[in-house]
Amino acid sequence: MSVKPILTEPNKILRQISKPVESIGDEERRLMDDMLDTMYAAPGIGLAAIQIGVPKRIIVMDISRDEDKKEPRYFVNPVIKNNNETSKYEEGCLSVPDQFAEIERPNECEVEYLDYNGKKQLLKADGLLATCIQHEMDHLEGVLFIDYLSKLKKSMIIKKLSKNKSNRIIV
Ligand code: K1U
Ligand code: ZN
């Protein structure tokens with residue numbers, strides 16, 4: 001298991017649409033293990049495979065706040081059904097470092113997916129879990145939370161991130 005570098009905006013790879021996983025074998029489970037290590041190391045509460053450059057429809061998540069009681073979740077080929085009612089939640093993204101914004105999304109969702117062992121599951125989610133699932137599902141479609149902001153706010157964030165990238169010292 002290993003920690004992988006997380007791609008950051010602007011990066012065309014993050015805008016790709018991820019492809020469905022045909023079967024869950026050792027390679028997919030290794031990827032899920034690496035994703036979880038990467039997410040915990042960041043630290044974050046979710047990660048989509050595309051954020052480490054792999055265009056597969058895989059998400060990992062752990063919204064538990066207790067360091068000693070980890071509750072990892074794995075979603076392969078997730079399909080979502082949203083409730084109509086919405087609420088706002090402050091979101092961040094490991095691919096958009098140090099930027100946060102309130103995003104309005106459906107406050108409940110139902111997601112059908114395959115788990116770590118390839119077993120079909122159905123999960124009803126609300127609160128942070130529902131927000132996080134929808135945020136990560138967006139990554140599978142090449143969408144970032146900043147896409148919901150005004151053109152001006154989004155371009156200011158991208159400008160800042162591009163500047164930070166070009167200022168980075170490469171050794
Ligand atoms: O990059 C990502 O997709 C992960 C992202 C998930 C997310 C957070 C908040 C709302 C929606 C989706 C993050 O994990 S950002 C970091 C973060 O939220 C966090 C980091 C450390 C402790 C607790 C939270
Ligand atoms: Zn994200």
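## A tour from loop to zinc site

Start by selecting D98, which is found in the loop between β4 (86-91) and β5 (101-106). Strands here are DSSP runs of E with at least two residues, helices are runs of H or I with at least four, and both are numbered from the N terminus. This is a predicted model, where local features need pLDDT of at least 70, side-chain atom pairs count only at pLDDT 80 or more, and totals for chains, interfaces and linings use all residues. Residues are numbered from 1 along each chain as its sequence is written, chains are lettered from A and ligands numbered from 1 in the order written, and side-chain values use heavy atoms, leaving out hydrogens and water.

Check the backbone of D98: phi is near 65°, a positive value in a residue other than glycine. D98 counts as exposed, at 67% relative accessibility (exposed is over 50%, buried under 20%, partly exposed in between, with a 1.4 Å probe and protein chains only). For another positive phi, pick N77 in strand β3; its value is near 50°.

Now colour the sheet. Five strands form an open, antiparallel sheet in the order β1-β2-β3-β6-β7; two strands pair if DSSP finds at least two bridges between them. β1 (46-48) and β7 (120-126) stand at the edges with a single partner strand each, so one side of each has no neighbour in the sheet. Zoom in on β2 (residues 58-61) and β3 (residues 73-82), which four bridges join; there I59 stands opposite F75.

Next, show helix α1 (residues 26-41), which lies across β1, β2 and β3 and runs at about 45° to β2. Contact means heavy atoms within 4.5 Å; axes are lines fitted to C-alpha atoms, for helices over the stretch in contact, with angles from 0 to 180 degrees between N-to-C directions. In the loop between α1 and β1, select P43: the peptide bond from A42 to P43 is cis, with omega near -5°.

Finish at the zinc ion (ligand 2), coordinated by C93 (SG), H135 (NE2) and H139 (NE2) at 2.0 to 2.3 Å. Donors are N, O and S atoms within 2.8 Å of the metal (3.2 Å for Na, K and Ca), and with water not among the atoms, sites may look incomplete. The site of this zinc ion is tetrahedral, with angles of 89 to 132° among its four donor atoms; four donors count as tetrahedral if all angles lie between 85 and 135 degrees. H135 and H139 both lie in helix α2 (residues 127-140), four residues apart. H135 is buried at 6% relative accessible area, and H139 is buried at 1%.

Conventions. Tetrahedral: all angles 85-135°; square planar, octahedral: opposite > 155°, others 65-115°.
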